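Let's take a friendly walk through this protein together. Have the sequence and the model open beside you as you read.

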Amino acid sequence: FFLRMFVQVCLYFYCKCLWRCLKFVVRKLTGRCELQRICYSTKPGAARTMKIEASLKGSKSKRLQTSVSVHPDAIEKTIDDIMELKRINPDVNPQLGVSLQACLLQIVGYRNLIAEVEKLRREPYDSENPQHEEMLLKLWKCLKPNSPLKARISKQWCEIGFQGDDPKTDFRGMGLLGLYNLVYFAEWDTEIAQQVLSDSLQPKYSQFSKAEWEKKKFDKAIGYSFAIVGINITDLAYNLLVSGALKTHFYNVAPEAPTLTHFQQTFCYLMHEFHKFWIEEDPLDIMEFNRVREKFHKRILKQLQNPEMALCPHFAASESLINM
């Protein structure tokens, strides 16, 4: 055991020293540091930003290691420090500073987004807070515009997939984050949200006729609680974000810092895709929800392993990012 541990430690230090020596030799041969080589040989997007992030974190310089966690307002100064530390002339390499700035904005922005999302997740729904109540009522109006809510505490809430007469109890797991996401989906992707809600209530007779459902082998499809599933998919999106899996997607779709809006748009995509996946899986009953969710989670994770992946096709990278 001790011999094996000794060999592993020696191998670790050997590889680490060898890698540093290799980087030194390559720099001497090319005249470029690792950051320059990455920026000049890798196109903008997740592939470049993740390599830059790994390079900075793996640097022996503390200044470079901490550059991935600076305040957004300090990024320009940080770029100057990096250029100085690496002895790079900004006048000779003007594009390098622009590329590094774009990468750092994404890296720092992702960290800040996690903090913002976490803050919402930790804030409980408060029925005494007028803003919270206003958002909840907006959710109803967006999803059921032709059915007025008769009372704040009502069995009608079950019609949009809450478990009881008062939805506030269902937000415990994800706090305000679950409500924010559901309201965003219902307000900005209203047609799809209403269709998913309708399908979740009566999947056999919503979008397709009975004959079409049978032809498509959807005849065994079972509905689910729309709002509860929305909170559950919020949990899935949250875990993808915190684990770093969503870096691939956000670094490909956000030219600069990813924002809460990017996260909410991704939630909308996941809701829509989960709904289609649920129908494709053709579960026997709602008791299969955890199995279907886990399978869906694994499929999304597999997609995100591709550095070219952008989950939402309509989040195409802007021209400003493409041209950097």
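A residue counts as buried under 20% relative accessible area, as exposed over 50%, and as partly exposed in between. With a relative accessibility of 23%, Asp-282 is therefore partly exposed. You will find Asp-282 in the loop between H13 and helix H14 (289–304). Its backbone is worth a look: phi of Asp-282 is near 50°, a positive value in a residue other than glycine.

Most residues other than glycine have a negative phi. Arg-87 also has a positive phi, near 55°. Arg-87 belongs to the loop between helix H5 (75–85) and helix H6 (94–122), and its relative accessible area of 75% makes Arg-87 exposed.

## The overall picture

Please keep in mind that this is a predicted model. The protein has 15 helices and zero strands. Of its 324 residues, 44% count as buried. Among the contacts with a separation of 6 or more, 66% are between residues 24 or more positions apart.

## How H8 meets H13

Two packed helices are described by the angle between their axes and the distance between the axes. For H8 and helix H13 (residues 260–281), the angle is about 70° and the axes are 9 Å apart. H8 is therefore roughly perpendicular to H13.

Which residues of H8 and H13 meet? H8 contributes Leu-177, Tyr-180, Asn-181, Leu-182, Tyr-184 and Phe-185. Facing them from H13 are Leu-260, Thr-261, Phe-263, Gln-264, Gln-265, Phe-267, Cys-268 and Met-271. The residues of this contact divide into 10 nonpolar, four polar and no charged.

## Aromatic pairs

How many aromatic pairs does the structure hold? There are 16 aromatic pairs. In one of them, the ring centres of Phe-162 and Phe-171 are 5.6 Å apart and the planes stand at 65°, so this pair is edge-to-face. Both partners are buried: Phe-162 has 4% relative accessibility, and Phe-171 has 2%.

Phe-185 and Phe-226 make a stacked pair, 6.3 Å centre to centre with 15° between the planes. Phe-185 lies in helix H8 (residues 175–188) and Phe-226 in helix H11 (residues 226–243), so this pair ties together parts that are 41 residues apart in sequence. Both Phe-185 and Phe-226 are buried. Elsewhere, ring pairs link Tyr-224, Phe-274, Phe-277, Trp-278, Phe-289 and Phe-296 into a cluster.

Is Lys-247 buried or exposed? Lys-247 counts as buried, at 16% relative accessibility. This lysine is in helix H12 (residues 247–253). Its charged end sits over the ring of Tyr-110, 5.7 Å from the ring centre. Leaving aside residues up to four places away in sequence, Lys-247 touches Ala-46, Glu-53, Lys-57 and Tyr-110.

## Met-174, a buried loop residue

Met-174 is in the loop between helix H7 (130–143) and H8, and its 5% relative accessibility means that Met-174 counts as buried. What does Met-174 touch, not counting residues up to four places away in sequence? The contacts are Leu-120, Arg-121, Ile-231, Thr-234, Asp-235 and Tyr-238. Met-174 and Glu-123 are 51 residues apart in sequence, yet 8.5 Å apart in space from C-alpha to C-alpha.

Notes: Residues are numbered from 1 along each chain as its sequence is written. This is a predicted model: local features need pLDDT of at least 70, side-chain atom pairs count only at pLDDT 80 or more; totals for chains, interfaces and linings use all residues. Side-chain values use heavy atoms; hydrogens and water are left out. Rings of Phe, Tyr and Trp (its six-membered ring) pair if their centres lie within 6.5 Å; planes under 30 degrees apart count as stacked, over 60 as edge-to-face and the rest as tilted. Buried means under 20% relative accessible area, exposed over 50%, partly exposed in between (1.4 Å probe, protein chains only). Helices (H or I, at least four residues) and strands (E, at least two) are DSSP runs, numbered from the N terminus. A charge sits over a ring if NZ of Lys or CZ of Arg is within 6 Å of the ring centre and within 35 degrees of the ring normal. Axes are lines fitted to C-alpha atoms, for helices over the stretch in contact, and angles run from 0 to 180 degrees between N-to-C directions. Angles under 35 degrees count as roughly parallel, over 145 as roughly antiparallel, 65 to 115 as roughly perpendicular and the rest as oblique. Contact means heavy atoms within 4.5 Å. Ala, Val, Leu, Ile, Met, Phe, Trp, Tyr, Cys and Pro count as nonpolar, Asp, Glu, Lys and Arg as charged, and the others, Gly among them, as polar.
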